[in-house]
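Here are some questions about how the labels used for a structure follow from the values behind them. Each answer sets a value against its cut-off and then concludes.

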Amino acid sequence: MLSACASRDPIYSSFVSEAGSVLETGTFGNATMNNTQVHNGDKPYVYDLSKRFASEVVTTVNFAFNSADLDAEARNILREQASWIRQFPEVRFRVYGHTDKVGADAYNKSLGLRRAQTIVRFLASQGINRSRLEAVVSFGETQPIIVSEGRERRNRRTVTEVSGFVGNAPMVLEGRYAEIIYRDYIASATPAPSLETSTDIGG
């Protein structure tokens, strides 16, 4: 029974197996990235844009069992994502891959990564610069939406998220975020109605 628990818990199994056997779980570097963004002033803006992205487009794409191929629904979702992303050329995005629980952990991790890479390729085909897209993280089967040991389509997914700004210099100091907001404001403006001379008196 203990060996069964150890085989499912990568942290516990690291004590009873060879060094380096624990696979990278997909969170390496996130703490450093968040800390850097907070200190250089990017974090609040990244958070705001991330919330806006999630509220204005569908961020999740689902896949058939044991597949990294895109169906018609997935392509339509990704076209909407690409249209939103093109409005903000200063912003970078990260794609996370997920699987259901069927299959070996290592295989599912690889499958989740292939799904994320498929999303990046499609977005790039829609005119998004590849340097703004990351598909380096795959959570495999470890973060299900529906807790199930069987085939579950909702768990076989990718999620696209805002991850930061392009370049190393703080965007706030460069005024780049202000440029984004101003450009968005101008694009959303509607022409004022023309004023015509009239002798009518209103009340």
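Q: What makes the pairing of the side chains of Thr160 and Gln81 a polar contact?
A: In this predicted model, the side chains of Thr160 and Gln81 are joined at 2.9 Å; a polar contact requires a pair of N or O atoms within 3.5 Å, and the pair therefore qualifies.

Q: Why is Arg115 said to have no salt bridge?
A: The nearest side chain of opposite charge, that of Asp100, is 6.3 Å away from Arg115, whereas a salt bridge needs a side-chain nitrogen of Lys or Arg within 4 Å of a carboxyl oxygen of Asp or Glu, so Arg115 has none, although Arg115 is buried.

Q: Which backbone oxygens lie at polar-contact distance from the side chain of Arg115, and how do you know?
A: A polar atom of the Arg115 side chain lies 3.2 Å from the backbone oxygen of Ala64, and a polar atom of that side chain lies 3.0 Å from the backbone oxygen of His98; the cut-off is 3.5 Å, so both distances fall within the limit.

Q: What makes the span of helix H6 close to the expected one?
A: Helix H6, residues 105-125, has 21 residues and reaches 30 Å from its first C-alpha to its last; the expected span is 1.5 Å times one less than the number of residues, which for H6 comes to 30 Å, so the two values are close. Arg115 is found in this helix, and the buried residues of H6 include Arg115, Ile119 and Phe122. H6 is followed by Gly127, whose phi is positive, near 95°.

Q: How many helices and strands does the protein chain have, and what part of its residues is buried?
A: The secondary structure comes to eight helices and four strands, and buried residues, those under 20% relative accessible area, make up 34% of the 203 residues in the protein chain.

How values were computed:
Residues numbered from 1 in each chain as written. Predicted model: local features only at pLDDT ≥ 70, side-chain atom pairs only at ≥ 80, totals over all residues. Heavy atoms only, no water. Polar contact = N/O pair within 3.5 Å; in protein donor to acceptor, adjacent residues only side chain to side chain. Helix = DSSP H or I, 4+ residues; strand = E, 2+ residues; numbered from the N terminus. Buried < 20%, exposed > 50% of the residue type's maximum accessible area, 1.4 Å probe, protein only. Lys, Arg positive; Asp, Glu negative; His and termini not counted.
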